[in-house]
Structure formats: structure tokens, C-alpha cells
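Here is a short briefing on one protein model. Keep the sequence and the 3D view open as you read.

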Amino acid sequence: MKTAKLAKSYRIDNGKHFRLKDYDPADTGHWHSVEQAKEHLEKDIARMADLQAKLYAQDCWSLLLIFQAMDAAGKDGTIKHVMSGVNPEGCQVYSFKVPSATELQHDFLWRTTEHLPERGHIGIFNRSYYEEVLIVRVHPKVLEAENLPPELVTRNIWEERFEDIRSFERHMARNGTVIRKFFLNLSKKEQKLRFLARLDEPEKNWKFSDADIHEREYWDDYQAAFEDMIRHTATRHAPWYIIPADNKWFTHLAVSAAIVETLEELDLSYPKVDAAKRKEIQAARRMLEK
Ligand code: ATP
Ligand code: MG
């Protein structure tokens with residue numbers, strides 16, 4: 001099976017009928033082992049490197065990849081793996097943390113803009129403005145801290161944020177930024193195992209955070225928030241991929257396939273050499289050969 005086809009089955013272009021429970025976090029498609037997937041993974045990474053070189057040379061499109069997930073779903077590992085083959089010069093990763101005091105003085109999209117990828121580049125958001133309809137929705141106190149004028153905080157606030165996000169993404173798409181969004185779909189059971197490993201294995205201790213264990217208590221609220229987010233923000237120009245995350249090797253395979261598929265759809269090529277440029281090349285050759 002072609003990996004490009006594989007990614008399509010996890011892609012949501014229209015969230016209207018989306019239900020998270022239809023997606024199995026342990027799904028591995030037609031694949032059953034990391035060994036079986038290895039060759040395809042390596043091929044996809046090589047393909048991605050080739051496509052990125054063209055994206056960069058063409059200097060026209062940019063690609064924005066957004067990763068959202070529960071803790072321990074493997075965002076960092078996936079980003080590291082997927083990007084292992086690409087030229088760091090044309091790629092930047094930005095991790096969105098709790099907003100600073102300055103950032104809280106502005107609208108919720110304000111801090112995003114300066115981290116968007118420039119033309120020819122791939123930008124990766126490790127978390128994003130989507131936290132504004134996730135953690136902010138699950139914890140009313142976080143919304144309170146945003147200090148919005150009270151009359152603007154109504155029961156429609158999440159609908160309004162979805163609408164604003166859709167408009168923002170449409171604007172970006174219309175200006176040449178291709179957006180692909182990944183929800184790494186981890187099961188509660190697998191999260192527990194990964195947290196336990198962080199406690200048990202000394203080299204993973206640094207990853208352990210008390211706050212993460214606490215957030216786990218809000219599991220169902222988060223699942224509901226993720227589902228609603230995907231329902232309202234999956235569009236043709238900025239689709240969500242619901243990536244099974246209980247098996248890391250499959251997560252890597254599916255995400256790589258989605259990126260390759262996206263870049264291939266752009267029909268990228270190196271800029272054409274025109275007559276004037278060809279003359280320049282010939283002149284340069286003569287100079288060097290003298
Ligand atoms: P990660 O958990 O993504 O691997 P980390 O552990 O290195 O990252 P954290 O200190 O956990 O870093 O930073 C991410 C935290 O910031 C998360 O709890 C996330 O929900 C929170 N956060 C990100 N964006 C926002 C936002 N707009 N509003 C409130 N909280 C946010
Ligand atoms: Mg964390």
C-alpha cells in the first residue's frame with residue numbers, strides 16, 4: 001500500500017460528522033510492525049527532503065504543520081523524526097507555552113504571526129492557537145486570566161473562536177501558506193503507561209511533570225474539546241489528520257505520509273532557467289575555464 005493513500009484515510013476536510021470515538025488510537029492500518037514500516041518511513045523521509053529542496057528554491061509556498069495532543073502523545077518525538085531528513089535552514093519549529101504577560105495584553109492570535117513560516121519554508125507549531133479552545137476551554141480560570149471585556153465573554157465564545165480561526169487559516173491559505181493539522185490520538189491507557197515509564201526510567205525522569213498527571217484528570221473534558229475543535233475547524237484548505245498515537249512508529253509513518261502527500265499535491269519544481277540566465281551560466285563557465 002502506498003503511504004500517501006494511508007494518510008488520506010485519517011484526513012478530515014469537513015468536520016460536520018466527525019466523532020472521535022470512530023478513530024482507534026491503536027490503529028496501524030495494514031501495517032503490523034516497525035520492521036515492516038521501516039523501509040517506507042525511510043523512503044518518505046528521503047522524498048520529503050527532495051520536495052523541501054524544491055519548496056525552498058521555488059520560494060513561493062510555505063507549509064505550516066500544527067501538532068496538538070494530550071501529554072505524552074509523542075509530539076516532540078514525531079517532530080524530531082519527521083524532520084530528520086530535511087534541511088534545517090528551511091525549517092523552523094516553535095513551541096507555544098503558557099502566554100506571557102505581554103502576550104495576554106493582546107488578542108489570542110497576536111503571538112502567532114511572528115512565528116509563521118516565510119515563503120519556501122516549513123514551519124512547525126508544537127501546540128498553537130488551538131490551545132485557546134482546548135486548555136482555555138477546559139479550565140475557566142485560564143479564560144478569566146485573559147482579561148477580556150466581560151460582555152464579550154458569552155456562551156458563544158467557542159463558536160466565535162472557531163470562526164476566527166477558520167477565517168485566519170483561510171487568509172493564510174489564500175496567501176500561499178499550506179496548513180496541515182495533526183491531532184495525535186492517544187488512548188488513556190497508553191498515556192498511563194508512558195507516564196509510568198517517565199517515573200520508572202531514570203533517563204525519562206526529566207520529562208515527568210506533576211501538572212501532566214493533574215491534567216489527566218480532565219481527560220474526558222479534553223476529548224470533548226478536541227472533538228468539537230475538529231468538527232468546527234477541519235476544512236479543505238486546512239484539514240485535520242487524526243493520527244493514531246498508541247504506536248509511535250505508526251504515528252511517524254502516518255505523519256510523514258501526510259506531509260509527502262501535501263507537498264506532492266503542490267506540484268513543486270525548481271525555477272525554470274530563462275534565456276538570460278542561460279547566457280549568464282555560459283559566461284560564468286567561460287570565465288572559470290580561462
Ligand atoms: P509539551 O507539554 O508540549 O511537551 P513542555 O512540557 O516542554 O511542552 P509546558 O510547560 O508543558 O512545556 O508548556 C506547554 C503548556 O503551555 C501546556 O500546558 C499548554 O496547555 C500551555 N499553553 C500553550 N498555549 C497556551 C495558551 N494559549 N493558553 C494557555 N495555556 C497554553
Ligand atoms: Mg508539558
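The crossing of helices α2 and α11 is left-handed. This is a predicted model.

**The α2 and α11 pair**

- Helix α2 covers residues 34-58, and helix α11 covers residues 248-265.
- Their axes come within 9 Å and cross at roughly 30°.
- On the α2 side, the residues that meet α11 include Val34, Ala37, His40, Leu41 and Asp44. Ile45, Arg47, Met48, Leu51 and Leu55 of α2 also take part.
- On the α11 side, the residues that meet α2 include Trp249, His252, Leu253, Ser256 and Ala257. Ile259, Val260, Leu263 and Glu264 of α11 also take part.
- The residues of this contact divide into 13 nonpolar, three polar and three charged.

**The whole protein**

- The protein has 12 helices and six strands.
- Its radius of gyration is 21 Å, close to the 19 Å that the globule rule gives for 290 residues, so the protein is as compact as a globular protein of that length.
- The C-alpha trace spans about 75 × 50 × 40 Å along its principal axes.
- Of the 290 residues, 47% count as buried.
- Take the contacts with a separation of 6 or more: residues 24 or more positions apart account for 83% of them.

**Helix α10**

- Helix α10 runs over residues 219-233.

- Thr235 lies in the loop between α10 and β6 (240-244).
- Thr235 has a relative accessible area of 15%, so it is buried.
- Thr235 and Asp13 are 222 residues apart in sequence. In space they are 4.5 Å apart, C-alpha to C-alpha.
- Leaving aside neighbours within four places in sequence, Thr235 is in contact with Ile12, Asp13 and Arg166.
- Asp212 is found in helix α9 (residues 210-216).
- Asp212 is buried, with a relative accessible area of 13%.
- Leaving aside neighbours within four places in sequence, Asp212 is in contact with Asp71, Phe195, Arg198 and Lys207.

- Most residues other than glycine have a negative phi.
- Ala72 is not a glycine, yet has a positive phi of about 70°.
- Ala72 sits in the loop between β2 (62-69) and α3 (75-82).
- Is Ala72 buried or exposed? Its relative accessibility is 12%, so Ala72 counts as buried.
- Asn147 is not a glycine either, and has a positive phi of about 60°.
- Asn147 sits in the loop between α6 (140-144) and α7 (157-174).
- Is Asn147 buried or exposed? Asn147 is exposed, because its relative accessible area is 65%.

Notes:
Residues are numbered from 1 along each chain as its sequence is written. Chains are lettered from A and ligands numbered from 1 in the order in which they are written. This is a predicted model: local features need pLDDT of at least 70, side-chain atom pairs count only at pLDDT 80 or more; totals for chains, interfaces and linings use all residues. Side-chain values use heavy atoms; hydrogens and water are left out. Axes are lines fitted to C-alpha atoms, for helices over the stretch in contact, and angles run from 0 to 180 degrees between N-to-C directions. Helices (H or I, at least four residues) and strands (E, at least two) are DSSP runs, numbered from the N terminus. A crossing is left-handed if the near helix is turned anticlockwise from the far one by less than a right angle, and right-handed if clockwise. Contact means heavy atoms within 4.5 Å. Ala, Val, Leu, Ile, Met, Phe, Trp, Tyr, Cys and Pro count as nonpolar, Asp, Glu, Lys and Arg as charged, and the others, Gly among them, as polar. The expected span of a helix is 1.5 Å times one less than its number of residues. The radius of gyration is taken over C-alpha atoms; the globule rule is 2.2 Å times the number of residues to the power 0.38. Buried means under 20% relative accessible area, exposed over 50%, partly exposed in between (1.4 Å probe, protein chains only).
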